[in-house]
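Trainee: Before we look at anything in detail, could you show me how to read an interface and its charged pairs with care?
Mentor: Let us take the features one at a time, with the general idea ahead of the case.

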Number of protein chains: 2
Amino acid sequence: MSQKSILTGDRPTGPLHLGHFVGSLKNRVALQHEYKTFVLIADGQALTDNFEDPKRVRDNIVEVVLDYLAVGIDPTISTIVLQTAVSEIQELAFFLANMTTVGRLSRNPTLKAEIQQRGFGDTIPAGFFFYPISQAADITAFRADLVPVGEDQKPMIELTNEIVDRFNRIYNSTALKRCEALIPPVGRLPGTDGKEKMSKSLGNAIFLGDSEKELKKKVQNMFTDPKHLRVEDPGTVEGNPVFTYLQIFDPDQTSLRDMEDHYRRGGLGDGVVKKRLEGVLIDILKPIREGRERFAADRGEILNIIRHGTNKGREVAAQVLADVKNAIGISII
Amino acid sequence: MSQKSILTGDRPTGPLHLGHFVGSLKNRVALQHEYKTFVLIADGQALTDNFEDPKRVRDNIVEVVLDYLAVGIDPTISTIVLQTAVSEIQELAFFLANMTTVGRLSRNPTLKAEIQQRGFGDTIPAGFFFYPISQAADITAFRADLVPVGEDQKPMIELTNEIVDRFNRIYNSTALKRCEALIPPVGRLPGTDGKEKMSKSLGNAIFLGDSEKELKKKVQNMFTDPKHLRVEDPGTVEGNPVFTYLQIFDPDQTSLRDMEDHYRRGGLGDGVVKKRLEGVLIDILKPIREGRERFAADRGEILNIIRHGTNKGREVAAQVLADVKNAIGISII
């Protein structure tokens, strides 16, 4: 049996942060040894809701690749592909678009939520509305067996499989491969403000490239238990993001349990807990930041890595597209 | 000033008929000497509502080209392009999709009418809903100044220009060219049953490739004035498709006026008028049918003509796509 494939990736709309690190990057670094991994920089998808600010997308392509390399994605075993440089994906999307309906897109829970978040109302850009089809093309173009996504993205995987099944049935073909969602073991990292999700746009993110100074400042300003006013007051650990982060990142979970008990009893100030988190995060982020700086020194090499991966990915996508056109029987010249 | 360009073409869903001949083909043959002409065989667009019957689309590509050559479209001056063989069109459509909204597509009168005709209801294939954007890509990919279309297609040209204007404004660019609808001088040819439109699906069409026997039979069965029961009855010329056809095709319009007067007075049987039309149509269709047969004898040559035109068209489309990607600034590798 041949090695299974994974498609993963990011929309290059900003540098990556600790939320990405926990939710997907760490996971990818581990999975790349087990699976054939394609990491797609979805610049075309990012444009569908950033088309008035293409510079944001363009500038973040290299930033995101720096984050990848710094956390340990190895371009000699993972294939880093730039979406708009693979025309086969757009061509594939054109044919896949016939396999679903406007009604099904409108009712897709993920798309509905995203449209609402962006406040598009009746002025949903057609490209944005169409992006789930484009994403189905991303997944099928690389013959992905597994797609690591959050729970909220599962309807997108279901839509992709509906499209795959319909295509293979109508054209009596095996050109397209079904895929499975791979829900990561660690859930969402809350923001430094305690809000459910760490996000650049919410201003509650610690970036992988943050300097030590920025990191310290962000940890100092973190939300804790708002009722824990004086050191002697009992404090709450649950929902307190400083403890949540420690639970995720601290290598010494045994002494952390003791600290949690102390905090609950009272007599432990937020400053002490934050200091511990600061140390833990410095240990994690320092090598990443240094790696980032090392790779950033040679931009030409970064572009070469993207070029190389894109060419490699393109070969796979071109074969899938050829199979798809063959199945439809549309190519007569 | 450089020569202006025209984009025209057909969805290859059936052989072309007299309605196409009058409404567009004759016009194209004349215009090809004056304008740089691209004739697009829109197989991809045809698939958007024939995706369950791709054979129909595939088989009609060559049929439609035979019709083109037989009526006098000269592949040494007109460029015959196969849509799905130009990936640049699909790529371009991907970027143009961000320039319009789901709301604008939904309200487009042409698209609304077509969706209703096809009885799609809530199950509009996404590819079909998206086709006006794909068509805007067809038009702009070939830098068309003029697009010969029927009155009912004008909203499509307006949508294309909206997309062009928005793109050029957002990206401060001249990558995309505005176009104009070129409404043909002769309106729609009615069907042999007197219905407003000649159409394969209505079964009221005389095809360019019909044999003399088929032609005669179709003319014999044509709808006339239903109140003109006996030869001596006065007949009505207006709305009588036999006379409409004669008014369009008969080279001797003077003697036709006499015949019309006679028919109105009474004393002229339908059979005589139909006999005249039969002769007129035989004169027009015989050289076309013979040309068709001549060209059909060498299928390899037809494929070469399509290949040659597609390659030529692709060069233009590739330049436009490069300009578009440059304007967005999306291509970093």
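Trainee: How much area is buried between chain B and chain A, and what share of that area do carbon and sulfur atoms give?

Mentor: This is a predicted model, in which local features need pLDDT of at least 70 and side-chain atom pairs count only at pLDDT 80 or more, while totals for chains, interfaces and linings use all residues. Residues are numbered from 1 along each chain as its sequence is written, chains are lettered from A in the order in which they are written, and side-chain values use heavy atoms, with hydrogens and water left out. Buried area is the accessible area (1.4 Å probe) that two parts lose on being put together, summed over both; here it is about 4,400 Å² between chain B and chain A, with 70% coming from carbon and sulfur atoms. Within chain B, the residues that lose the most area to chain A are Phe94(B), Ile332(B) and Ile333(B), which together make up 17% of what that side buries.

Trainee: Which side chain does Glu91(A) meet in a salt bridge, and are the two residues buried or exposed?

Mentor: Glu91(A) meets Lys325(A), at 3.2 Å from N to O. Helices are DSSP runs (H or I, at least four residues), numbered from the N terminus, and this pair links helix H4 (residues 87–96) of chain A, which holds Glu91(A), to helix H14 (residues 299–328) of chain A, which holds Lys325(A), 234 residues apart. With buried meaning under 20% relative accessible area, exposed over 50% and partly exposed in between (1.4 Å probe, protein chains only), Glu91(A) and Lys325(A) are both buried.

Trainee: What is the case for Arg104(B) and Glu162(B)?

Mentor: Their closest N and O atoms are 2.6 Å apart, in a salt bridge. Arg104(B) counts as partly exposed at 40% relative accessibility, and Glu162(B) is partly exposed at 32%.

Technical notes
Salt bridge = Lys/Arg side-chain N within 4 Å of Asp/Glu carboxyl O. Helix = DSSP H or I, 4+ residues; strand = E, 2+ residues; numbered from the N terminus.
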